[in-house]
Amino acid sequence: MEKAEGAFLTISELAGELGLPQHILRYWETRFTQLRPLQRSGNRRYYRPADVALVRQINHLLNVEGFTVRGAQKALADGSGIPSPGVAMATKNGESTLGADLLPRLEAIRAVLAKAIGE
């Protein structure tokens, strides 16, 4: 059974979705002050949709972009870690989607650069 789009996720559900161990999410809570999931009795964590988006962003910065924890903290604090619209974004099943106009723009840039170096 799959949850609705805006439903809260438990730490095990979120960790499974991202392919990360649960202790990594708990560690990120200590390092990223913006990440504060709801905690119920027995310290059971519930991640709101905003928390899930933040965790995906942290995961992208650390595991895709190659940022250090301190670099990711700085990127999130100054807003440079926020992906802009039309840029590759991870979907629920882990695939990435590109903005419709991004590929032609990248090909145009490649053509300009190839011309500049004389290829």
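**Order of elements.** I read along the sequence of this predicted model and found the pattern β-α-α-β-β-α-α-β-β-α. I noted five helices and five strands in the chain.

**Contacts along the chain.** I looked up how far apart the partners are in sequence. Among contacts with a separation of 6 or more, 42% join residues 24 or more positions apart.

**The inside.** I saw that 25% of the 119 residues are buried. Next I turned to the largest nonpolar core, which has 20 residues, with Leu25 and Trp28 making the most contacts inside it. Helices H1 (11-18), H2 (22-31), H3 (49-64) and H4 (69-78) each supply at least two of the core residues. H3 gives the most, six residues. I then followed Leu25: beyond its neighbours within four places in sequence, Leu25 touches residues including Ile11, Leu14, Tyr47 and Val55.

**Charged pairs.** How many salt bridges did I find?

- Glu17 and Arg56 have their closest N and O atoms 2.1 Å apart. Glu17 lies in helix H1 and Arg56 in helix H3, so this pair ties together parts 39 residues apart in sequence.
- Glu29 and Arg45 meet at 2.8 Å, N to O. Glu29 is in helix H2 and Arg45 in strand E3 (residues 44-47), so parts 16 residues apart in sequence are tied together. Are these two buried or exposed? Glu29 is buried at 5% relative accessibility, and Arg45 is buried at 16%.
- Asp78 and Lys74 pair at 3.8 Å. They sit four residues apart in helix H4, separated by about one helical turn. I noted Asp78 as partly exposed at 46% and Lys74 as exposed at 56%.

Terms used:
Residues are numbered from 1 along each chain as its sequence is written. This is a predicted model: local features need pLDDT of at least 70, side-chain atom pairs count only at pLDDT 80 or more; totals for chains, interfaces and linings use all residues. Side-chain values use heavy atoms; hydrogens and water are left out. Buried means under 20% relative accessible area, exposed over 50%, partly exposed in between (1.4 Å probe, protein chains only). Contact means heavy atoms within 4.5 Å. A nonpolar core is a set of buried Ala, Val, Leu, Ile, Met, Phe, Trp, Tyr and Cys residues joined through side-chain atoms within 4.5 Å. A salt bridge is a side-chain nitrogen of Lys or Arg within 4 Å of a carboxyl oxygen of Asp or Glu.
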